[in-house]
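Here is a short report on a set of protein chains. It takes up one chain and one chain-to-chain contact.

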Amino acid sequence: MSSQPTVEHGHEEHGHEHHHEPAFIEKYIFPLDHKYIAMQYLLTGMFMAVFGGFFVYAFRLQLAFPGISVPLYGTVSPTEYNALVTNHGSVMIFWVAMPVLIAAFGNFLIPLMIGADDMVFPKLNRLSYQIFLASVVVLIVSWLVPGGGFGGAWTAYPPLSAKAQYSLTPLGSTLWLVAVALEFVAFLIGGINFITTAMNSRAPGMGAKDVPMVVWMICIASIMFMASVGPLIAGAVMLLFDQNLGTGFFDPDKGGDPILWQHLFWFFGHPEVYVVLLPATGIVAEIITVFSRKKLFGYQTILYTAIATGVLSFFVWAHHQFVAGIDPRMANVFTITTVLISIPIAEMMFLYIATLYGGSIRFTTPMLWALSFIAEFLIGGVTGIWLGASGMDIYFHDTYFVIAHFHYTFFPIAFIGTFAALSFWFPKMFGRMMDETLGKIHFWGTIIALNFIFIPLFVLGAAGQHRRIYNYNHYPELSTPDLQSLRVLATVSLLVLIAFQFVFLFNFFWSMFRGEKAPANPWRSTTLEWTTPSPPGHGNWSPNDMPRVYRGPYEYSVPGRDEDYWPQNQPS
Amino acid sequence: MATDPNLRLVHPPPRQLRRAVPDQVLGVMIFILTEIMLFAGFISAFAIARSSNDAWPPPNQPLLPVQETALNTLALLLSGAVLSYAGRRFASDPRAALRPMIVSMLLGAFFVVFQGVEWVSLLSDGLGLTTSTHASFFYVIVGAHALHALGGLGVLVALVAWLRAGTLTADGFWAARLFWYFVVLLWPVLYWQVYLR
Amino acid sequence: MGRLVRSWIVAAVCLCPTPALACAVCFDATDENRRAFLDTTIFLTVLPLVLIFGGGYWIYRQTTAPVPG
């Protein structure tokens, strides 16, 4: 909400809030300030990532060394194995990638980058986080109830998810579903805020082409989320009724149809992939321009590719159902659209590489993360083309190849993107610099381990290893010794990767309190968030000194200027 | 490297951007987008269930009250039209909008009560939630709409209170009207899909 | 030109294959059911795009419309 007196629609009472800093509880526990809501999302997301990481640690050790007593966990039973896998997937997508990438960075960056003092609906914003927190509590409770957490995979296909006698988790599956539904409501409210804020609260002079790319990306992602989540909520309500009230929406015995759930789930599930991808690509765009001191190559083209991705993402979802018995003609159409969607994304990656070309590149930690995003995501993207072709998918379906493919997309999105953004905006968030040496140690440890986890899984998948097997020793023809050694390699690499995350956690919390004090603009960047002190005070700028925008966001190395960057708010 | 000709060294001070669509209206529009997709999901599921069952609705269950609901549909549509009239009156004289708003609210309340009575009689006729997939869909879809209608009624009550207190803004009224139009216009589609087909 | 036409014909033919008879799951219970999946797929896919671009166009028109009064 801009506090310019010319704005008619402003909430008049909001203007008074600039004059006092809120008290502790109001500031940190029930904040209205978008920056603190972003911190809440960020820390909650990191907290959930610890669970997601712990789950994968437990079930990967079970796969590599079947039957061992996992340190800190104990023996993994088949039911627990299913619950661990399911909740690893759900936590990482719904409670880590979404809250951190979209909610935390969306909340933090949108008002700061467009020169607004806060979100348009601050109270809805607070409500959004509170609902999200409730969803976290419900999810954690679902792991503790009798029977344990839900074990029907994060896609929750019925009949496994609908009937307690199959899933063996009567309470866990219901609570899981409720948690997912609450989480959607939270992001629904958050997304309404993002789009409205970016549309209505931009600083004077900020036209559509002066908006930083990451803000565009978060908005496009939010619109896609809004448009795709409805059918899944409908499906979730129906599944909840099937679980608890004895209806038969997904039960063929009672005239229902289990494929119907896949239909509704993937209508959301595939756009969701691009919902989390786009903010990550936006973050990368911000970072590579700053650290190559060049204007973003093809601003409008990147924007159009993002929109094209958004449009096409509504046409690709049935590629998850190639072996589920869909019409073969439909499979053909979805093969074509799936292969098509790689074009805009590839174009975007090429434009990022073109941005790097001829720039004076500085390999700081955020830049390393941004570059590794491009490299690692490309592996995920290219293998996606194989899986998108229905002929190959029939072989690869439900093998470790699929696992390796989507981890090569999701790990860059959820973790590399987050680490890039955190190391880049950390000075603005906490007013202190992160340690570069520790950051680089963390980077190399993570990236090398990452590839040693998932390249073996590609090999396993190409060998036809099915992904949902608890113990390969139960299937002697599957557990040949050389394949088992690949599983051990992947698991050991995972342990290395997890070990290096402690470097990050130490760096994060140590720098938050002990790091070097950050100047307002440590990276000599042009966008508006760097024109206010680090960290920004309540209201971001002082009310009578709100920024005005004179040019686009990526004016680096402009000829004829002393400085190699030209902030958006400088008149000349 | 050539200098960009558009790169003027001194710029005129930028102007405040025009806010084409008020915040609340934009927020409600995005919310309605999600809601439409929610009901699109229900309708799609219903269509698929219909296609995989030979007899639809199943012959051995109580029939849905098609004619009575047609009357009820008219009541709801009328409520929307009256609210639209109230919106036009509000622009010239906010006080004059009070009476049509109350009429619209009463028509909406009539719709919800009528639906409730219908449900009670269907339940007493033996059409339970688990009688058949058709019945399950009927209760879930119509119930979801009823929840929205109740929410919309709550908004209408609040609108009347705000109008009385003189705190109702044109934008807030616009946003609230949009939501009620959504509730109103959605119903004929659901009526056609659930009752008539 | 001829090549373009030919490639379009090939693409069109690809869209209507004879169902693979060896594929045990390539048939639904009824043909009507298969049609319903196809129809709702098109419906669900097109509806959000129509809504988003319709709404976007409306907002764009609001932005460029002359100020009332």
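Predicted model: local features only at pLDDT ≥ 70, side-chain atom pairs only at ≥ 80, totals over all residues.

Residues are numbered from 1 along each chain as its sequence is written, chains are lettered from A and ligands numbered from 1 in written order, and side-chain values use heavy atoms, without hydrogens and water.

**Chain C**

Chain C has two helices and zero strands (DSSP runs: H or I of at least four residues for helices, E of at least two for strands, numbered from the N terminus). Of its 69 residues, 20% count as buried (under 20% relative accessible area, 1.4 Å probe, protein chains only).

**Chain A with chain B**

Contact here means heavy atoms within 4.5 Å. Buried area is the accessible area (1.4 Å probe) that two parts lose on being put together, summed over both. Chain A and chain B bury about 3,800 Å² between them. Carbon and sulfur atoms carry 70% of that area. Helices H6 (170-200), H7 (213-244) and H8 (258-292) of chain A each supply at least two residues to the side that touches chain B. H7(A) gives the largest share, 11 residues.

The residues on each side of the contact are these:

| Chain | Residues in the contact |
|---|---|
| Chain A | 53 residues |
| Chain B | 38 residues |

Terms used: Buried < 20%, exposed > 50% of the residue type's maximum accessible area, 1.4 Å probe, protein only.
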